[in-house]
Amino acid sequence: MRYLAAYLIALAIFLVLDGLWLGLVARGFYMSRIGDLILDQPRWGVAALFYALYVVGLVYFAVSTGLDPARPALAALNGGLFGFFAYLTYNATNLSTLKGYSALVAAVDTTWGTIMGAAVAGLTVIALSALRMAD
């Protein structure tokens with residue numbers, strides 16, 4: 001039950017933060033640098049699959065490390081590392097294979113993935129502690 005709660009909390013936090021980032025904070029940044037590569041409408045099924053599976057990885061590799069006893073800082077560290085390597089893989093692949101992919105976008109996006117992973121994992125452990133689901 002605790003891991004299901006961790007997953008649902010992490011998914012909610014991830015969706016809110018990434019929605020704010022992509023929809024408000026950095027939308028213009030991405031559009032001005034790689035707008036030609038961006039679809040008019042996202043492929044929502046692919047996006048949903050990414051979010052669902054990525055959060056499984058965050059819970060497994062980061063949140064779970066901070067549960068017994070509750071150590072949000074350890075979860076945040078591992079979440080940041082998970083985010084860094086996942087987003088770096090994506091961005092380095094794009095830089096090496098796509099014409100017109102921006103090195104600045106790659107750096108900013110990888111930084112965002114690192115911050116996002118850390119925030120989601122740490123906040124999830126804090127939420128689970130508040131709900132008395134982490135020791």
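Arg27 touches Trp21 and Leu22, leaving aside residues up to four places away in sequence, where a contact means heavy atoms within 4.5 Å. Arg27 itself sits in helix 2 (residues 27-34). At 47% relative accessibility, Arg27 counts as partly exposed; on this scale buried means under 20% relative accessible area, exposed over 50%, and partly exposed in between, with a 1.4 Å probe and protein chains only. The model is a predicted one, in which local features need pLDDT of at least 70 and side-chain atom pairs count only at pLDDT 80 or more, while totals for chains, interfaces and linings use all residues. Residues are numbered from 1 along each chain as its sequence is written, and side-chain values use heavy atoms, with hydrogens and water left out.

Turning to the overall fold, the protein chain has 5 helices and 0 strands, and its elements run α-α-α-α-α from the N terminus on. Helices (H or I, at least four residues) and strands (E, at least two) are DSSP runs, numbered from the N terminus. The radius of gyration of the protein chain is 16 Å, close to the 14 Å that the globule rule gives for 135 residues, so the chain is as compact as a globular protein of that length. That radius is taken over C-alpha atoms, and the globule rule is 2.2 Å times the number of residues to the power 0.38. Along its principal axes the C-alpha trace spans about 50 × 25 × 20 Å. Buried residues make up 38% of the 135 residues. Of the contacts with a separation of 6 or more, 78% join residues 24 or more positions apart.

The axes of helix 1 (residues 2-25) and helix 5 (residues 103-130) come within 9 Å and cross at roughly 140°. This makes helix 1 oblique to helix 5. Here axes are lines fitted to C-alpha atoms, for helices over the stretch in contact, and angles run from 0 to 180 degrees between N-to-C directions. Angles under 35 degrees count as roughly parallel, over 145 as roughly antiparallel, 65 to 115 as roughly perpendicular and the rest as oblique. The crossing of helix 1 and helix 5 is right-handed; a crossing is right-handed if the near helix is turned clockwise from the far one by less than a right angle, and left-handed if anticlockwise. Residues making this contact include Ile9, Ile13, Phe14 and Trp21 of helix 1, along with Trp112, Met116 and Leu123 of helix 5. By class, the residues of the contact of helix 1 with helix 5 divide into 16 nonpolar, 1 polar and 2 charged. In this count Ala, Val, Leu, Ile, Met, Phe, Trp, Tyr, Cys and Pro are nonpolar, Asp, Glu, Lys and Arg are charged, and the others, Gly among them, are polar.

Helix 1 also packs against helix 3, with axes that come within 9 Å and cross at roughly 125°. Helix 1 is thus oblique to helix 3, and passes helix 3 in a right-handed crossing. Among the residues in this contact are Tyr7, Leu11, Phe14 and Leu15 of helix 1 and Phe50, Tyr54, Val55 and Leu58 of helix 3. The contact of helix 1 with helix 3 comprises 16 nonpolar, no polar and 1 charged residues. Leu15, in helix 1, is partly exposed, with a relative accessible area of 42%. Leu15 and Val55 lie 40 residues apart in sequence and 9.9 Å apart in space, C-alpha to C-alpha.

Helix 4 and helix 5 pack with their axes 7 Å apart, at an angle of about 155°. These two helices are therefore roughly antiparallel to each other, and helix 4 passes helix 5 in a right-handed crossing. The contact of helix 4 with helix 5 has 16 nonpolar, 9 polar and 1 charged residues. Gly113 belongs to helix 5 and, at 0% relative accessibility, counts as buried. Gly113 touches Tyr54, Gly83, Phe84 and Tyr87, not counting residues up to four places away in sequence. Its C-alpha atom is separated by 18 Å from that of Ile34, 79 residues away along the chain.

One further detail concerns the backbone. The peptide bond from Asp68 to Pro69 is cis, with omega near -10°. Pro69 lies in the loop between helix 3 (44-61) and helix 4 (72-97).
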